[in-house]
Amino acid sequence: MATEKELLKKFLDPLKVCKRYKPKFGQGNKEEGVSLPQFLDLYGADPFYAWCGLNSELMYAAHKAAGGMTSVYRQIGKGCENLFREVIIDSTGYSDRNSAAWSYKTKTSAGKDKTLSLDGRLQFEDITNAAVKARVNDWVAEYCGILGAEMPAHGAVFEVRQGYKSKDSKRQNGDIDNIAVAWAQGYMPVFAIFSGQIDGDLVLRYRNSRGGILVGRTDGGSTVSLFGFCKDVLGFDLADFFKRNSPTIQKEVHETLEALLNA
């Protein structure tokens with residue numbers, strides 16, 4: 001099983017990418033981004049931008065902060081995925097880590113194969129921890145009753161996100177597709193949202209599509225709260241994990257934000 005230090009590393013490692021973030025300013029797909037001196041040269045050589053005074057360190061800092069905030073949310077989301085998958089592996093006693101992964105192939109508009117994957121899986125037959133297996137079966141059965149769905153053959157699959165404030169229709173349609181495919185392949189689909197930031201209309205739409213939703217709240221039972229689910233079903237107190245490690249996480253986030261807000 002992973003130690004506390006290893007679990008924290010799983011969560012924080014993606015965030016370190018943000019400290020190296022540099023805006024690209026339309027300069028192709030340069031992975032390294034544009035540095036401050038390069039930006040000043042680029043905008044200084046543009047007569048209009050130079051006349052307007054946009055070739056300044058403050059303008060660069062503004063671009064860096066704007067893109068960097070998106071990167072912070074994205075990388076925290078990746079940390080949530082890593083941590084949640086590790087909790088599943090440890091709690092279930094999976095002998096094969098691949099049991100915690102689920103993916104399927106679909107076709108693009110060009111007719112090519114595309115692989116889509118979700119972030120975690122509870123596979124009934126692969127769970128070796130007898131107590132957890134019994135609780136998972138009971139929990140899935142209870143949630144199916146809430147959704148008005150039949151018990152799936154194989155288990156549950158999870159899409160993990162740090163929050164879901166967007167109402168992007170393309171993302172919603174993709175999520176609805178994932179829900180349909182998961183049920184077709186014998187899994188109950190569940191969205192595991194670490195924060196409480198999700199629009200009520202989305203919760204309603206996904207549940208009406210027979211998709212489960214767990215959100216990051218400290219009240220509510222295991223069919224409502226992600227923290228309640230992890231504690232009562234998986235036997236891992238996720239809320240307590242974050243409380244214990246909050247000073248370390250806050251320090252890392254603070255240093256990241258300082259790096260992003262500094263030209």
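This is a predicted model: local features need pLDDT of at least 70, side-chain atom pairs count only at pLDDT 80 or more; totals for chains, interfaces and linings use all residues.
Some ground rules come first. Residues are numbered from 1 along each chain as its sequence is written, and side-chain values use heavy atoms, with hydrogens and water left out. Local features need pLDDT of at least 70 and side-chain atom pairs count only at pLDDT 80 or more, while totals for chains, interfaces and linings use all residues.

**The chain overall**

- Taken along the principal axes, the C-alpha atoms of the chain fill a box of roughly 70 × 45 × 35 Å.
- Of the 263 residues in the chain, 43% are buried; buried means under 20% relative accessible area, exposed means over 50%, and partly exposed is in between, with a 1.4 Å probe and protein chains only.
- Take the contacts (heavy atoms within 4.5 Å) between residues at least 6 apart in sequence: 65% of them join residues at least 24 apart.
- V253 sits in helix α9, which covers residues 238–260, and V253 is partly exposed at 22% relative accessible area.
- V253 and D46 are 207 residues apart along the chain, and their C-alpha atoms are separated by 35 Å.

**The sheet**

- Four strands make an open sheet, in the order β3-β4-β5-β6, and the pairing is mixed; two strands count as paired if DSSP finds at least two bridges between them.
- The edges belong to β3 (120–123) and β6 (212–215), which each have a single partner strand, so one side of each has no neighbour in the sheet.
- From one strand to the next, the twist averages 20 degrees.
- As background, strands of a sheet pair through backbone hydrogen bonds, either parallel or antiparallel.
- β3 pairs with β4 (residues 155–161) in the antiparallel sense over four bridges, and G120 stands opposite F158 in β4.
- β5 and β6 run parallel and are joined by four bridges, with I193 opposite V215 in β6.
- Both faces of β6 are covered: G212 and L214 are buried on one side, and I213 and V215 are buried on the other.
- Helix α8 (residues 226–234) lies across β3, β4, β5 (187–193) and β6, at about 100 degrees to β6; axes are lines fitted to C-alpha atoms, for helices over the stretch in contact, and angles run from 0 to 180 degrees between N-to-C directions.

**Back to R161**

- R161 is buried, with a relative accessible area of 10%.
- Leaving out residues up to four places away in sequence, R161 touches R171, D175, F191, A192, I193 and F194.

**Helix α6**

- This helix (residues 169–184) has 16 residues and reaches 23 Å from its first C-alpha to its last, close to the 22 Å expected at 1.5 Å a residue; the expected span is 1.5 Å times one less than the number of residues.
- Its buried residues are Q172, D175, I176, N178, I179 and A182.
- Seen down the axis of α6, those buried residues fall within an arc of 155 degrees, so they line one face of the helix; the arc is that of the directions from the helix axis to the C-beta atoms.
- The face of α6 turned away from its buried side carries the exposed residues K170 and A184.
- The buried residues of α6 pack against β1 (102–107), β2 (113–118), β4, β5 and α7 (200–208).

- Most residues other than glycine have a negative phi.
- R210 is not a glycine, yet it has a positive phi of about 70 degrees.
- R210 is found in the loop between α7 and β6 and counts as partly exposed at 35% relative accessibility.

**Cysteines**

- A disulfide is a covalent bond between the sulfur atoms of two cysteines.
- A search of the whole structure finds zero disulfides, a disulfide being a pair of cysteine sulfur atoms within 2.5 Å.
- For C80, the closest cysteine sulfur is in C230, 11 Å away, which is too far for a bond.
- C80 is buried at 2% relative accessibility, and C230 is buried at 1% relative accessible area.

How values were computed
Helices (H or I, at least four residues) and strands (E, at least two) are DSSP runs, numbered from the N terminus.
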